[in-house]
Amino acid sequence: SRSTPTGTAVELSAHAREDTPPLATLILGSLPADRTLGSLALLSHRSSTAEGPGASFADWTIAGPGISADPAAAYGPIMFAQYTVHRGILKLTAQLAPVDGIAGLEVTLETREPGLAWTARGRTSVDPLSRTARFRVEGWDPFRAANYRVRLDLPLAGGPRTFAYPGTIAAAPPSFAQVKAAVFSCNADHGFPDADVVTHVAHHEPDLALFLGDQFYEGSGGFGIQTDSVESAALDMLHKWYMFGWSYREIFRDIPSACIPDDHDAYHGNIWGEGGHAAPLDQGWGAAAQDRGGYKMPAAWVNAMQMTQTSHLPDPPDPRPVDQGIGVYFTDWEYGGVSFAILEDRKFKSAPANVLPGDAQVFNGWIQNPDFDIRDHRDPPGATLLGDRQMAFLASWTRDWRGPTHMKVVLSQTNFAAVHTIPHDATSGAVLPGLPVPPPGEYVEGDKLAVDMDSNGWPQARRDDVLRLIRRCAAFHVAGDQHLATMVQHGIDGFGDAAFSFTGPALNNIWPRRWWPAPEAREAPLTGDGPAYTGDYFDGFGNRITVHAAASPTDTGLQPAIIRNRATGYGIVTFDSTAGRIRVECWPRHVDPAAQPDGQFPGWPIEIDRASGDGRTPLGHLPPVEVSGITDPVVELLRVDRTLVSSRRIVGQRVTLPYFERAPHVIRVGSPEEDRWLERQVDPGATAVLEFLFP
């Protein structure tokens with residue numbers, strides 16, 4: 001390239017070898033400077049009617065005075081890696097390009113602590129469909145940092161070549177340190193390669209990353225999906241997954257991450273998994289298939305997709321496959337004193353059309369009969385949300401404080417309520433992408449509460465069951481999917497008696513949901529000042545919610561509007577065990593947090609007490625519990641029939657427990673790490689201090 005009076009001239013020449021005449025030359029005249037900044041690619045095009053292979057390139061280089069090369073930016077053949085550390089086990093999955101066809105190919109994981117030599121931690125082959133290399137290292141010290149590198153030897157035409165992907169296994173935060181999680185979901189390709197997100201997130205220095213669904217969409221890359229064969233569909237999926245890694249691998253290269261797929265990752269607009277059934281395709285690929293439940297893609301493809309995203313998660317406690325042999329990944333992950341319950345809220349959920357009366361006229365999860373009131377059908381026969389296996393897992397998890405764990409967090413694909421609105425004459429959310437975006441400060445009128453059964457607000461009775469379980473341990477909840485950032489406290493029997501939920505914003509928003517409830521829908525405002533859309537509401541299913549913040553789309557005046565006007569961004573959640581506090585931040589993706597520290601969405605940041613996850617109003621308090629011989633014990637309150645009422649790890653050695661019914665209770669105190677426990681029965685009217693002495 002060379003400068004000209006009117007811009008920049010670019011000359012491209014192709015040579016078989018550096019010392020040979022050019023095979024072809026292209027000269028572009030005066031170009032604006034911004035048109036000559038970007039990446040270069042070499043493509044081989046051939047006619048769609050041509051037979052046989054196209055051109056291939058065994059070894060090629062691009063050079064010239066206008067070229068700047070950054071070897072660190074090379075992408076492939078090891079595309080990226082994800083890992084977790086959980087109770088002494090390191091699991092790492094490396095994502096490879098489609099090199100699996102090379103005979104005898106092996107991938108090696110090596111680690112090195114500061115000042116020591118590289119140590120091989122394992123060798124493995126490449127899975128032929130997901131193109132993953134998966135490693136498991138037991139006996140890992142979570143509090144010691146180490147470098148890692150994934151190595152791959154390829155026999156190229158120009159000779160063998162070794163490729164390596166480097167990163168860091170971070171040291172887990174020590175007990176009572178703050179643990180900071182970056183929260184993401186819903187990644188379409190509007191902002192690809194999303195460098196602004198990576199730069200802005202780095203400012204927060206998160207300890208871990210949570211990608212909570214829709215890591216890609218069917219249209220990622222500018223075209224739809226391929227379903228001709230499992231192999232072609234897998235390559236198509238990998239193309240979209242590679243784009244995700246291209247965008248965000250620098251976020252999770254050096255910190256652990258959890259990644260859970262959602263409906264679009266499975267090539268569904270909505271999905272009700274029905275325990276892994278195969279969706280019927282006799283009426284086509286769209287809503288008719290989805291509404292009858294199950295997976296449209298072949299089981300082998302679903303497993304490959306799940307393997308790319310979840311195989312680095314801790315082992316599932318109940319690994320039995322569901323129907324069609326589709327694997328499960330629901331599990332728990334303890335890191336830095338925070339225990340995460342990772343749920344699959346799609347896989348076991350009933351399809352609404354299968355359990356609701358026919359006169360509901362369900363289409364794509366929306367009721368089309370205006371005379372059908374879903375609030376009269378809170379517990380449809382046979383309807384399930386998480387399924388028996390996940391409910392059993394949750395019940396066990398609420399009492400598992402090993403680690404030691406100080407806080408509990410539930411991760412799921414979507415929220416346990418329908419916190420969005422649609423125009424009063426709409427029968428579904430299909431109108432949302434075409435609606436005008438209001439200027440800042442304008443309240444949109446004429447909306448009604450959505451009755452969207454893609455959310456976990458349905459089925460209502462099963463939603464309540466989940467919330468009753470997780471409030472036993474005062475768990476906080478983080479979700480994705482909704483494309484609308486909200487902070488709500490759920491209610492079961494009364495407003496605010498259950499868990500808080502933070503639903504993060506979309507990274508790239510193709511479905512701009514909004515929360516503009518009519519004034520008459522609000523049951524009560526928040527205590528103190530707050531926007532008109534905050535306060536107590538019954539959602540479209542009749543579920544109690546208290547809305548503390550919502551980031552609806554607004555006209556920012558920035559371009560491109562499809563990103564800037566759709567309330568895109570990410571969340572930062574900080575868990576502070578020492579203070580017993582949770583801080584939730586919600587950032588627009590276009591805001592540089594270093595330059596605009598006050599630039600969060602209106603209503604954030606929000607801080608809550610750790611105990612707020614259990615919002616029940618007590619009838620009174622039992623006598624103080626004093627513990628000797630154990631520091632920071634776990635304290636459980638049970639009914640005399642052994643039903644758990646509450647479970648906490650306390651800070652210190654003294655606590656006063658609330659009770660919610662006037663009946664005898666059992667207090668159980670102990671150390672799960674040492675498996676030492678004591679218990680005593682107590683009546684609500686007792687006054688004497690309850691002493692638990694461990695020798």
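Predicted model: local features only at pLDDT ≥ 70, side-chain atom pairs only at ≥ 80, totals over all residues.
Helices and strands are here DSSP runs, numbered from the N terminus. Val126 is found in the loop between β7 (119-124) and β8 (132-138). Leaving aside residues up to four places away in sequence, Val126 touches Leu96, Asp100, Leu105, Val107, Arg131 and Thr132. For a sense of scale, Ala279 is 153 residues from Val126 along the chain, and the C-alpha atoms of these two residues are separated by 30 Å.

Attention can now turn to strand β11, which spans residues 178-184. This strand is mostly covered, with five of its seven residues buried. Strand β11 pairs with two other strands described here, β27 and β12. With β27 (residues 569-576), the pairing is antiparallel and extends over six bridges; within β27, Val573 stands opposite Ala181. With β12 (residues 208-211), the pairing is parallel and extends over four bridges. Here Val183 has Leu210 of β12 as its bridge partner. Between β11 and β12 the chain passes through helix α1 (residues 195-204), forming a β-α-β crossover that is right-handed.

The next feature of interest is a pair of packed helices. Two such helices are described by the angle between their axes and the distance between the axes. For helix α2 (residues 230-252) and helix α4 (residues 299-310), the angle is about 25° and the axes lie 10 Å apart. Helix α2 is therefore roughly parallel to α4, since angles under 35 degrees count as such. The crossing of these two helices is right-handed. On the α2 side, the contact is made by Val230, Ala233, Ala234, Met237, Leu238 and Trp241. Helix α4 contributes Ala300, Trp301, Ala304, Met305, Thr308 and Gln309.

A last stop is Ser257, a residue of strand β13 (residues 257-259). Is Ser257 buried or exposed? Its relative accessibility is 1%, so Ser257 counts as buried. Its surroundings draw on several parts of the chain: not counting residues up to four places away in sequence, Ser257 touches Gln82, Tyr83, Thr84, Ala209, Phe252, His312, Leu313 and Trp333.

Note on methods:
Residues numbered from 1 in each chain as written. Heavy atoms only, no water. Buried < 20%, exposed > 50% of the residue type's maximum accessible area, 1.4 Å probe, protein only. Pairing = 2+ DSSP bridges. Right-handed = clockwise from strand over helix to strand, strands pointing away. Axes fitted to C-alpha atoms, helices over the stretch in contact; angles between N-to-C directions. Parallel < 35°, antiparallel > 145°, perpendicular 65-115°, else oblique. Left-handed = near helix turned anticlockwise from the far one by under 90°. Contact = heavy atoms within 4.5 Å.
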